[in-house]
Amino acid sequence: MAAPLLEKVSDYLGSPEPAVRLILSILIGYPFALVYRRFLFHQSASVIHLFHTLSGLSLAIFNFAGSQVYHSALCIIVQFLFLRLMGRTVTGVLSSFIFQMAYLLTGYYYTATDEYDIKWTMPHCVLTLKLIGLSLDYYDGGKDPSQLSAEQKQGALSSTPSLLEVCGFSYFYGGFLVGPQFTLRNYQSLVSREMSDCPGQVPNSAIPALKRFSLGLVFLAIFAVCGPYYPDSYYLTDEFEAQPFWYRCVFILLWAKVNLYKYVSCWLITEGVCILTGLGYNGRSKTGEPQWDACANMRVWMFETTPLFTGTINSFNINTNAWVARHIFKRLKFLGNKMVSQMATLLFLAIWHGLHSGYILCFTMEFIIVNVERQAQALVKDSPTLTAITNGPFYPLIYVVQQFIHWLFMGYPLVPFCLFTYDKWLKVYSSVYFCGHLLFFSAVLILPYLRKALVPRKAKSDKKEN
């Protein structure tokens, strides 16, 4: 009964059935959250863990048939055994990291196609970070607090969690399918009724949750209406190649903007679920107002208005970026080189996303673009001439041009990210004459000369002293 109905809905919407199932599963989080608030909020921890486990498993069964459901259960059980048998040791952390990443990459190897498919590896990549993070937080819990950073103290686990607790944390319906990332400590605070503006009572979070839900629906509607006009497949058609050069560049820009909205909508809707349960509670502001952004994966205003590549990165997939910064980038401090740590972190992100060459190329270009942008910002800041221009009456025009360039170069590395294989992204880059690559490398070569010409010697010497 359900399958034919879903087929009809997917045909009517013009969307693949797995995508319809995913959206429905994200929306089902709201009824689950209401049941938790109304009937289970004051129940024992075991009852709550069991509810979260069974509800998350039901979503997994609804989306992924048969043996696909077992992958998450196996990795959760193995991770629990690592905690119990290896304790708070480096061996335990390394074993967890190697096993979870190897399992995920094996899944990619056997299931990956040349298209974007919704299969068990999609939620499993979210779960992989959760379980690796769990092992690191457990390891941190055995250290002296003086050895930990403020972030590590917030996530460190002082006791060994039970299997049911790890299952509830892993399958929690507000983050199982598409994120966000959160620590077991935060989940424990939720279960112990601390994640509320009124500790011990059901949080007053319905309105904040409704706002994120509504905003998510707006972005979902924009993607549903505009997405068919900017399909990935159009890049590979003769019609695209026949278009003028300027048209192909503008298409990349608009395609990138619209394409990212599918992620934005999912994250906003799931954030609303987390807020409704209380997991989104983030203390009170200086004015005493409750804050509900602990599980925010999007800073929507920044995402829509920033003219900077780094601004978009900082406003997009926030919790995953924070996880990578805390557990990968900052733990590579022993390398003694910030740039090497950054490169290693982006390599990890590329491999975590999948085995296609497009991921490696995307994050390589991100590394180049971010560093070029930082050099350009430093040049503008240190040059009185450029500072005067950017603060002058022409700023609105500069902002429009900057936005165009910004989104063009957001779309440029997204092409391999979404097309996956080298034969596809190479065809697209050839059609625009590798203009992005030429501009990136030209900027790397030209910026030092511009700095010599535009920055006074005093500014240079001051910067060296600092």
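Is Leu27 buried, exposed or partly exposed, and what is its relative accessible area?

Modeller: The model is a predicted one. In it, Leu27 has a relative accessible area of 28%. Because buried means under 20% and exposed means over 50%, with partly exposed in between, Leu27 counts as partly exposed. The residue belongs to helix α2, which comprises residues 17-40. Leaving aside residues up to four places away in sequence, Leu27 touches Phe213 and Ile269. A further relation concerns Thr270: this residue is 243 residues from Leu27 along the chain, yet the C-alpha atoms of the two are separated by 7.8 Å.

Asn259 is part of helix α12, which spans residues 245-277. With a relative accessibility of 5%, Asn259 is classed as buried, whereas Leu27 is partly exposed. When residues up to four places away in sequence are not counted, the residues that Asn259 touches are Phe223, Asp232 and Cys418.

Helix α5 (residues 90-111) packs with helix α6 (residues 121-140) at an angle of about 175°, and their axes lie 9 Å apart. Angles over 145 degrees count as roughly antiparallel, and α5 and α6 are therefore roughly antiparallel to each other. On the α5 side, the contact includes Val90, Val93, Phe97, Met101, Leu104 and Tyr108; on the α6 side, the contributors include His124, Cys125, Leu131, Ile132, Leu136 and Tyr139. By class, the residues of this contact comprise 12 nonpolar and eight polar, with no charged residues.

Helices α17 (357-382), α18 (384-390), α19 (395-419) and α21 (435-454) each provide at least two lining residues. Among the contributors to this lining, α17 gives the most, with eight residues. The lining of the second largest pocket is made up of 23 nonpolar, four polar and one charged residues.

Key:
Residues are numbered from 1 along each chain as its sequence is written. This is a predicted model: local features need pLDDT of at least 70, side-chain atom pairs count only at pLDDT 80 or more; totals for chains, interfaces and linings use all residues. Side-chain values use heavy atoms; hydrogens and water are left out. Helices (H or I, at least four residues) and strands (E, at least two) are DSSP runs, numbered from the N terminus. Ala, Val, Leu, Ile, Met, Phe, Trp, Tyr, Cys and Pro count as nonpolar, Asp, Glu, Lys and Arg as charged, and the others, Gly among them, as polar. Axes are lines fitted to C-alpha atoms, for helices over the stretch in contact, and angles run from 0 to 180 degrees between N-to-C directions. Angles under 35 degrees count as roughly parallel, over 145 as roughly antiparallel, 65 to 115 as roughly perpendicular and the rest as oblique. Contact means heavy atoms within 4.5 Å. Buried means under 20% relative accessible area, exposed over 50%, partly exposed in between (1.4 Å probe, protein chains only).
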